[in-house]
Amino acid sequence: MFASDAAPVVPPAWPGRVIIPDVVEKRSGPKKFSVLGSTGSIGTQTLKIVAEQPDRFQVVALAAGGNIELLAEQIKAFKPKLVSIREPSQEEQLKDAIKGMDQPPEILFGKEGIVEVARHSEADSVVTGIVGCAGLLPTCAAIEAGKDICLANKETLIAGGPYVLPLARKHGVHILPADSEHSAIFQCLHGLPEGGMRRIILTASGGAFRDWPVEKLKEVKVADAITHPNWSMGPKITVDSSTLMNKGLEVIEAHYLFGASYDNIDIVIHPQSIIHSMIETADSSVLAQLGYPCMELPIAVTMAWPERAECPDWPRLDLAKVGSLTFKAPDTKKYPAMPVAYAAGRAGGTMTCVLSAANEKAVELFLDGRIGYLEIVPFVEKCCDVHQQELVMAPTLADIIHYDGWARDWVKNAARSPAAVA
């Protein structure tokens with residue numbers, strides 16, 4: 001499945017270890033951030049952290065989608081100097097909503113506006129909370145401007161890893177993982193000696209249908225798939241969690257972030273979501289990061305790094321109250337996305353971009369009621385299979401953008417003629 005020649009070696013962001021700088025720069029004021037996707041789940045949690053610790057963190061620029069009412073509240077609360085919105089037609093609504101501010105922000109629009117937010121001159125770091133490949137261009141702009149990346153956008157590395165990682169190395173930029181699993185690995189790697197990591201173990205909740213028999217999946221409705229048992233997330237990522245595609249994508253991201261081979265990245269179902277992921281060291285010790293399910297913690301880790309943010313009011317883990325932690329191997333019949341993602345990762349090059357984009361489009365079609373739940377993975381797999389004929393092993397940014405669009409178009413057109421995936 002999706003076999004290719006050996007992919008060019010891409011230097012990982014953190015090659016099996018995390019070294020804390022000997023000297024941590026002391027700031028005269030708060031660390032400053034741009035936030036991409038400020039009205040989404042990652043963005044709102046990021047701003048909650050800023051509100052709780054205004055002496056440590058400050059927002060200078062925000063990029064949002066269509067939720068103008070919430071964006072206006074954020075502008076009033078955090079007083080950014082620049083904001084970007086999706087459409088110029090939304091400008092008057094936003095201006096009316098923030099009327100009376102002494103120093104209203106500059107307002108920009110569309111892709112160009114997001115890029116300007118990402119590379120704002122005063123930002124030290126950028127939180128990338130935009131879903132999908134839409135986050136790739138502004139992330140690259142931020143890297144080129146020397147901003148550290150608090151990475152909550154999986155697709156930046158899954159689609160763009162072969163391009164983004166060399167770019168980050170060139171500009172001396174840190175890629176700091178803000179999702180719970182990769183943050184857990186990142187934290188476990190602190191202080192590990194060179195060559196000390198043997199294996200990565202990603203934990204998965206199992207998603208909405210972890211307790212459903214495989215035979216019942218043909219009955220899945222959209223409302224079923226967007227209800228997660230442990231986490232509060234957006235509909236796309238919640239569907240990905242139910243198919244386990246999210247974990248397959250995280251396998252690819254872990255490969256790019258930490259340099260582990262695909263043979264040394266495992267997935268285990270852990271319904272309680274208390275252990276967020278683990279590493280096995282060369283001597284067979286296993287190190288884990290634990291905590292209650294809460295996206296704010298991994299976000300705060302990236303924002304404060306290389307320091308630790310003081311969060312005294314956050315819930316503290318009580319293992320006696322948790323009682324027990326359980327684990328089981330994932331069933332590939334229930335979760336066929338998992339082997340598809342591994343195959344795409346091993347193929348390398350533009351295949352992972354196509355996997356991500358095809359999945360995003362297929363999930364969109366499912367959420368719109370245009371394909372069934374059990375059609376999501378077959379559409380993705382067939383799209384990747386077709387792409388083998390055009391696979392680019394060392395893609396440019398233009399190649400990545402091209403094949404992202406190609407995959408979305410392929411899935412959209414195939415959905416009009418289901419026989420295409422037979």
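Trainee: Is proline 177 buried or exposed?
Mentor: In this predicted model, proline 177 belongs to strand S7, which covers residues 175-177. Its contacts beyond four places in sequence include Leu151, Phe186, Leu257 and Pro298. The cut-off for burial is under 20% relative accessible area. Because its relative accessibility is 0%, proline 177 counts as buried.

Trainee: How far apart in space are proline 177 and glutamate 253?
Mentor: In sequence, 76 residues separate proline 177 from glutamate 253. The spatial separation, taken from C-alpha to C-alpha, is 9.6 Å.

Trainee: Is glutamine 90 buried or exposed, and what is its relative accessible area?
Mentor: Glutamine 90 sits in the loop that joins strand S3 (82-85) to helix H3 (91-97). Leaving aside neighbours within four places in sequence, its contacts are Gly65, Gly66, Ile68 and Ile85. Glutamine 90 is therefore classed as buried, since its relative accessible area is 12%.

Trainee: How many residues of helix H5 are buried?
Mentor: Helix H5 comprises residues 136-144 and is largely enclosed by the rest of the structure. Its buried members are Leu136, Pro138, Thr139, Cys140, Ala141, Ala142 and Ile143. The number of buried residues in H5 is thus 7 of the 9.

Trainee: Which glycine with a positive phi follows H5?
Mentor: The phi in question is near 80°. The residue that follows H5 with this value is glycine 146.

Trainee: How far apart are the end C-alpha atoms of residues 290-409?
Mentor: An unreviewed UniProt entry assigns residues 290-409 to the feature "domain: DXP reductoisomerase C-terminal". In the model, this span is 55% helix and 1% strand. Its end C-alpha atoms are separated by 41 Å.

Conventions:
Residues numbered from 1 in each chain as written. Predicted model: local features only at pLDDT ≥ 70, side-chain atom pairs only at ≥ 80, totals over all residues. Heavy atoms only, no water. Helix = DSSP H or I, 4+ residues; strand = E, 2+ residues; numbered from the N terminus. Buried < 20%, exposed > 50% of the residue type's maximum accessible area, 1.4 Å probe, protein only. Contact = heavy atoms within 4.5 Å. UniProt positions renumbered as here; feature names shortened; annotations may be inferred.
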